[in-house]
Amino acid sequence: MDYLADERKKAEFDVDEMKIVWAGSRHAFEVSDRISKLVANDPGFRKDTRTMLARKELFKNTLRKAAYAWKRIHDLHLSEEEASRLRFYVDEPAYTDLHWGMFVPAIKGQGTDEQQKKWLPLAYKMQIIGCYAQTELGHGSNVQGLETTATFDPQTDEFVIHSPTLTSSKWWPGGLGKVSTHGVVYARLIINGEEHGIHGFIVQLRSLEDHLPLPGVTVGDIGMKFGNGAYNTMDNGVLRFDHVRIPRNQMLMRVSQVTRDGKYKQSDVPRQLVYGTMVYVRQTIVADASCALSRAVTIATRYSAVRRQFGSQNGGPETQVIDYKTQQNRLFPLLASAYAFKFVGEWLTWLYNDVTQRLQASDFSTLPEAHACTAGLKSLTTTATADGIEECRKLCGGHGYLCSSGLPELFAVYVPACTYEGDNTVLLLQVARFLMKTVSQLGSGKKPLGTISYMGKIEHLMQSRCTVQKAEDWLKPSQVLEAFEARAVKMAVSCAKNLSKFTNPEEGFAELSADLVEAAVAHCQLIVVSKFIDKLQQDIPGKGVKQQLEALCGIYYLYLLHKHQGDFLATSYLTPKQAALANDQLRALYTKVRPNAVALVDSFNYTDHFLGSILGCYDGNVYPKLYDAAWKDPLNDSVVPEGYHEYVRPLLKQQLHTAKL
Ligand SMILES: CCCCCCCC/C=C\CCC/C=C/C(=O)SCCNC(=O)CCNC(=O)[C@H](O)C(C)(C)COP(=O)(O)OP(=O)(O)OC[C@H]1O[C@@H](n2cnc3c(N)ncnc32)[C@H](O)[C@@H]1OP(=O)(O)O
Ligand SMILES: Cc1cc2nc3c(=O)[nH]c(=O)nc-3n(C[C@H](O)[C@H](O)[C@H](O)COP(=O)(O)OP(=O)(O)OC[C@H]3O[C@@H](n4cnc5c(N)ncnc54)[C@H](O)[C@@H]3O)c2cc1C
């Protein structure tokens, strides 16, 4: 029986067409749909007991699943696209994520043609398994502070990789702890006593015969991490080198080279391309944020439609909690954010592909913007998604705290995204540097392009005032864009003015860093809003689909406007009355979305297997499933628990002299 059938009947749009918009294309939808069902129907990919397993059992099970996934990919002759979807729907972090997601891209991006020809076929066949070994015990954010050394030995034509201190131990790389045979290891290059900065090196870590660490290599797992199941399926590792020798041609030499006679040569590509793998992964993390958020929102929306509390009239049913405006005000902006992040993720993938093509043609002009966009959007979307998942847990009341809701594990597995691939604050400071540089160049005649082109309208934006007179005026895209542009430009200019008061710019930057981060957030929110609005300019087929997306877009920007009212009012673009009208319009949009809420989450097309949540199951049959699941808990295997006779019974039977207490 479908307990959500009435909700589904209320939908005012074509859900099948919305599924295609969400997937990106009909083809992408068909692949995703087929592969997600394939995984869901295969008992080899079950994950329902994951949060109850001890670490060793959990990890072994992950190894089994990764090997089984590889076998299915081969047996079924899956394409690269299908294989990547399969790994996604298996939904279990594993060493393979780092192998495919970072090791291979690092070689592709930073290796010469010759190096790619040698290493990539081995990696593609998984005859070697790689990790990305950059972070150390002492330094993560400050990449230039890494201490591992790679000293060129001209006698033997080798690099000597060494960990000179405890803090130089590699610490965190996923897949390193127990599985990787190789790593792209980042180290400080030293030639003839002279330092040349951080470079990547392909280093073999374990024997391909017996998996033992090679001589001079000390390697292991760094231990349990936050949450049950969650990221503990990953073997994040520690690694030390004691004068380990590798051939010279294992330095990744696309950006710079070391010749046989020990000469250091820089190509005509910027040195920042050494950081290229991080840019690539940040872009994939943005594309992934909408998946994690939409998953949590699906659970919270379906459950909010099932759950009833208070408000019974004449013995009738109580109110569905989704009908409370407070619930809508917490839930619908997250639903809207999931769609917003999907579209900005699609755009960022386009930007990344565009910059990659330009780099191949030696056009480096858009690299700073690509860095700022990937860094800023990675920070914005992961912070909002991690906070959003936790909010969804609370939206499900007490039952959200059960592992069977799926939300505690989803939060635990997702929240490190705020830290890995660049701490979110550190990344926003990179965006702020980019903005300050842009503002400082405004008078130079250099026209700001792309996502900062609005800075070219600085004179207009500094003076313009919002023209909204009634709530519906907030539905005009041009009005909204101008509000977000005016806010972003004014916050950036205010920071630049305050910075100019410092004689030492670095001191000023450090002192004003909290304001700079806020200006960076305003800029990134403008990007997300403008890409959502751009999406709506496209031809979007399907009955009512565009209307629903327009409502969600409105909810996204009006919620931000309401939340950051202080910014908008302080920059005197808005009056308090106009801010109040924005809030009136926001409430009206909640009412418009309410009957479509369940259908809007159905449009994500997630299987019950992928959701891994009793509260979010498609049929809404929550209570019997929760009740049955409780009895399946291992603690209920026996009526009297282990330990009763040892620890509880003696308490009950004790003869206390103080019995009257
Ligand atoms: C089914 C398959 C799934 C696939 C999915 C795979 C993904 C797996 C997902 C998750 C797994 C998690 C794995 C996690 C891995 C990691 O965490 S790896 C380690 C990541 N580490 C970091 O991100 C470190 C963060 N720090 C930095 O990036 C930098 O050090 C820095 C903060 C940017 C500072 O660097 P530096 O001190 O060198 O630079 P500055 O002096 O500040 O700037 C110098 C100029 O360079 C520009 N810059 C900086 N970075 C970049 C860049 N990346 N690209 C281009 N340009 C860059 C900067 O703007 C300065 O420019 P300017 O001189 O013009 O001002
Ligand atoms: C689950 C997980 C997986 C990971 N996988 C990998 C991997 O595969 N390979 C790899 O190499 N690394 C990996 N990492 C490491 C990760 O990239 C780093 O932890 C991350 O870059 C943050 O660096 P940090 O730990 O040095 O944080 P720190 O920089 O020490 O941050 C601590 C605090 O200091 C603040 N801070 C730091 N610098 C500044 C500044 N300049 N201004 C203001 N505030 C500042 C930060 O905001 C933060 O609040 C992983 C980490 C995690 C948690």
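Trainee: What is the strand order in the open sheet of three strands?

Mentor: This is a predicted model, in which local features need pLDDT of at least 70, side-chain atom pairs count only at pLDDT 80 or more, and totals for chains, interfaces and linings use all residues. Residues are numbered from 1 along each chain as its sequence is written, while chains are lettered from A and ligands numbered from 1 in the order in which they are written. Strands (E, at least two residues) and helices (H or I, at least four) are DSSP runs numbered from the N terminus, and two strands pair if DSSP finds at least two bridges between them. With antiparallel pairing, the order is E4-E8-E7.

Trainee: Which are the edge strands there?

Mentor: An edge strand pairs on one side only. The edges are E4 (170-171) and E7 (217-221).

Trainee: Is asparagine 228 buried, exposed or partly exposed, and why?

Mentor: Asparagine 228 sits in the loop between E7 and E8. A residue is buried with 20 or more other C-beta atoms within 10 Å of its own, exposed with 12 or fewer, and partly exposed in between, with C-beta atoms placed from the backbone. Because asparagine 228 has 15 C-beta neighbours inside 10 Å, it is partly exposed.

Trainee: Which residues does asparagine 228 touch, not counting those up to four places away in sequence?

Mentor: Contact requires C-beta atoms, placed from the backbone, within 7 Å. Valine 413 is 185 residues from asparagine 228 in sequence and 9.2 Å away in space, C-alpha to C-alpha. The residues touched are Thr51, Cys403 and Glu409.

Trainee: Which residues have the most contacts inside the largest nonpolar core?

Mentor: Such a core is a set of buried Ala, Val, Leu, Ile, Met, Phe, Trp, Tyr and Cys residues joined through C-beta atoms within 7 Å. The largest one has 181 residues, and its largest share, 17 residues, comes from H8. Leaving aside neighbours within four places in sequence, isoleucine 555 contacts residues including Phe332, Leu586 and Val593. The residues with the most contacts inside the core are Ile555 and Tyr556.

Trainee: Which residues come nearest to ligand 1?

Mentor: A residue is near a molecule if its C-beta atom, placed from the backbone, lies within 6 Å of it. Helices H5 (80-90), H6 (95-110), H8 (276-306), H10 (367-395) and H12 (424-440) each supply at least two residues of the shell. Of the 31 residues around ligand 1, the nearest are Gly101, Val143, Gln272, Tyr275 and Gly422.

Technical notes. Two residues are in contact if their C-beta atoms, placed from the backbone, lie within 7 Å.
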